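Q: Can you walk me through this structure? I'd like to start with the helix and then go to the charged pairs.

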Amino acid sequence: MKLSRYIYLFILLVAISCSSDDKAIDVVFEGIERGAVLRNINKVSKDFIHNDFESAFEVEIEEQDLEEGALLDFVRLYVEFRDHTDGGNDNSIQEIMLRDIPSSEFEIGPHALPRTTVRVTYQEAINALSINTLLIEPGDQFGLRMEIHLTDGRTFSTVNNSASILTDACFFKSPLRYEINVLEVIPNDLFTGIYSYEVTNGANQFDFNISNQGIVSIAAGNLPNTRTTGIVGEGLEFTIAGENVYPKIYQSVNLFCRESAPHILSGPNDTSFGMIDLDDDTVFFLDIDIGFEGWDGTLDNNGNMPGIPVLYRFKFTKQ
């Protein structure tokens, strides 16, 4: 990936460590135009429950800009639908604008910066996209993207950001894009415990420092159907939705939080969604892109195009 994606002209601040400390970072690159971020403060819920139309995605965010929030005009929400289940037809719907959240709906938080809670119900997303609910099945996904609009006319979203801003592993925790899975809740004890794993696709292709096999402990997360384990630097998080297994977006593979360092991120593949049998948790497969959206840790990729992600497939077997 070319250097400009790591030292982007619109970066707000520079995270000098992977600290989770909530104090604002005051170290900046001289001469770089500052932008804005939306920090994840508290992820209340992240997925829709199939046929529970009041279920919601909900996250508390904090806006930061060069004027300590004074530049915030509004945050625009976009939503899309992705049909990932086998029904014979692709019923996906491209991204549309959902609504705006004006700065007046933000309140000053404990660090003297604007905060608000973004809440999108399953029904709101369905209504906005005019989806026939009979076409939605567990394993389908909604995409939610946030776009920051400043009073000086500038806008910021995923395309003008950096790896260290997007990932939860670093200070800013500002992905600006969220995957909302449609799921049916499974018991917390399923797909947990001690598993062996092996890489059945992607092994030894690149130096991502990922062991091709090993033993890991998989634990249930705080939110429905979420599981966590090791393997990558941040710790691998994934969600079970229907017969699909989705890794969390923008996970840090190598925990490099400096803008001058080659940061590697991972995320879900566009077409390969793993395999799982909800009646048998002894074996399952997880597919994940290393170098997600081109964040492959290279500073030059022979031109202006981002790097091509490498699809890794992990086979987990219960011990």
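A: Just after helix 1, Ser130 has a positive phi of about 55°. Helices (H or I, at least four residues) and strands (E, at least two) are DSSP runs, numbered from the N terminus. This is a predicted model: local features need pLDDT of at least 70, side-chain atom pairs count only at pLDDT 80 or more, and totals for chains, interfaces and linings use all residues. Residues are numbered from 1 along each chain as its sequence is written, and side-chain values use heavy atoms, leaving out hydrogens and water.

Q: Which residues of helix 1 are buried?

A: Tyr122, Ala125, Ile126 and Leu129. Buried means under 20% relative accessible area, exposed over 50%, partly exposed in between (1.4 Å probe, protein chains only).

Q: New topic. How many salt bridges are there?

A: The whole structure has 18 (a side-chain nitrogen of Lys or Arg within 4 Å of a carboxyl oxygen of Asp or Glu).

Q: What does Asp287 pair with?

A: Arg313, at 2.6 Å, N to O. Asp287 lies in strand 19 and Arg313 in strand 20, so the pair ties together parts 26 residues apart in sequence.

Q: Is Asp287 buried or exposed?

A: Buried, at 1% relative accessibility. Arg313 is partly exposed at 21%.

Q: Which residues do shared partners join into one network?

A: Glu80, Arg82, Arg177, Glu179 and Glu293.
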